[in-house]
Amino acid sequence: FRLSFAAGETVFIVGGNGSGKSTLMKLLTGLYAPHSGALLVDGVRLQASHYAGYRELFSMVFTDFHLFDRLYGQTNIDEKRLAQLLTRMELEEKTAYTNGHFTHLSLSTGQKKRLALIVAFLEDRPVIALDEFAADQDPEFRRFFYETLLPELKAAGKTVIAITHDDRYFHCANRVIKMEYGQVQPTAPASNTTDL
């Protein structure tokens, strides 16, 4: 079975608990190496020695993420854009970025995920991988995420791969991939796909 992703495509991964969604995401992002099969990038098989570079294609927000008070690995941070993102994510009254670090990380789970998403935006990588990002958001922000942020990412040419259960927003994706018992269920191929 072959699974492909196109640049600028928004793909949702769905399935019940224990169906393999998070494992698939960790395989796709290069955190796990496949025991069989292969990952291909533009049709070229990914070798073990290239995994570190491959992971640099992704900004990730997993359910078990950790937030740092500093933006490690990022230089020349656009603090004006960062302040704008804090406002868009409704965090401007919760934390700020001052003297090279965030002032407060004592946030709700949903707010922490929003801050992690800001960090992903600042990394500006071609693929954003999200594991149940919207699960801890209030209904208004959840709608904003699906109906505003995801289309903006698509318009910017970003590929978004998101694990979700929000079936009322499935229309916001180019494709929905279903997992059952550790297996990807066959789906109709999207047009102009490129292996990732």
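Two strands count as paired if DSSP finds at least two bridges between them, where helices (H or I, at least four residues) and strands (E, at least two) are DSSP runs numbered from the N terminus. The structure described here is a predicted model, in which local features need pLDDT of at least 70 and side-chain atom pairs count only at pLDDT 80 or more, whereas totals for chains, interfaces and linings use all residues. Residues are numbered from 1 along each chain as its sequence is written, and side-chain values use heavy atoms, with hydrogens and water left out.

## Strands and their partners

| Strands | Bridges | Direction |
|---|---|---|
| β1 (residues 10-14) and β8 | four bridges | parallel |
| β7 and β8 | five bridges | parallel |
| β1 and β9 | four bridges | parallel |
| β9 and β10 (residues 183-184) | two bridges | antiparallel |

Individual residues can be followed across these pairings. I13 stands opposite I163 in β8, and I163 is also the bridge partner of D131. On β9, V176 is the bridge partner of F12, while M179 stands opposite V184 in β10. The strands β9 and β10 form a hairpin with two residues between them, and Y181 in that turn has a positive phi of about 50°.

In a regular strand the side chains alternate between the two faces of the sheet. On β8, T159, I161 and I163 point one way and V160 and A162 the other, yet all are buried, a word used here for under 20% relative accessible area, with exposed meaning over 50% and partly exposed in between (1.4 Å probe, protein chains only). Because five of the five residues of β8 are buried, this strand is largely enclosed by the rest of the structure. Strand β9 (residues 175-180) has one covered face, made of R175, I177 and M179, and one uncovered face, made of V176, K178 and E180.

Of the 15 residues of α4, 12 are buried, so that the helix is mostly covered.

Residue I118 touches L82, L85, L86, M89 and L91, leaving aside residues up to four places away in sequence. A nonpolar core is a set of buried Ala, Val, Leu, Ile, Met, Phe, Trp, Tyr and Cys residues joined through side-chain atoms within 4.5 Å. The largest such core has 35 residues, and those with the most contacts inside it are L117, I118, L130 and F145. Two or more residues are given to this core by each of α3, α4, β7, α5 and β8 (159-163), and its largest share, eight residues, comes from α4. A second, separate core has 19 residues, including F5, M25, F62 and M179.

## Aromatic rings

Rings of Phe, Tyr and Trp (its six-membered ring) pair if their centres lie within 6.5 Å, and planes under 30 degrees apart count as stacked, over 60 as edge-to-face and the rest as tilted. A search of the whole structure finds 10 aromatic pairs. One of them joins F68 and Y72 edge-to-face, at 5.5 Å centre to centre with 85° between the planes; F68 is partly exposed, with a relative accessible area of 48%, and Y72 is exposed, at 57%. The pair of F133 and F145 is tilted, with 4.7 Å centre to centre and 40° between the planes. Since F133 lies in the loop between β7 (127-131) and α5 (139-155) and F145 in helix α5, the pair ties together parts that are 12 residues apart in sequence. F133 is buried, with a relative accessible area of 2%, and F145 likewise counts as buried at 2%. F133 and F145 belong to one aromatic cluster that also holds F12, Y146, Y169 and F170.

Charged groups meet rings as well, a charge sitting over a ring if NZ of Lys or CZ of Arg is within 6 Å of the ring centre and within 35 degrees of the ring normal. The charged end of R114 sits over the ring of F141, 4.0 Å from its centre, and that of R175 sits over the ring of F5, 5.5 Å from its centre.

Methods:
Contact = heavy atoms within 4.5 Å.
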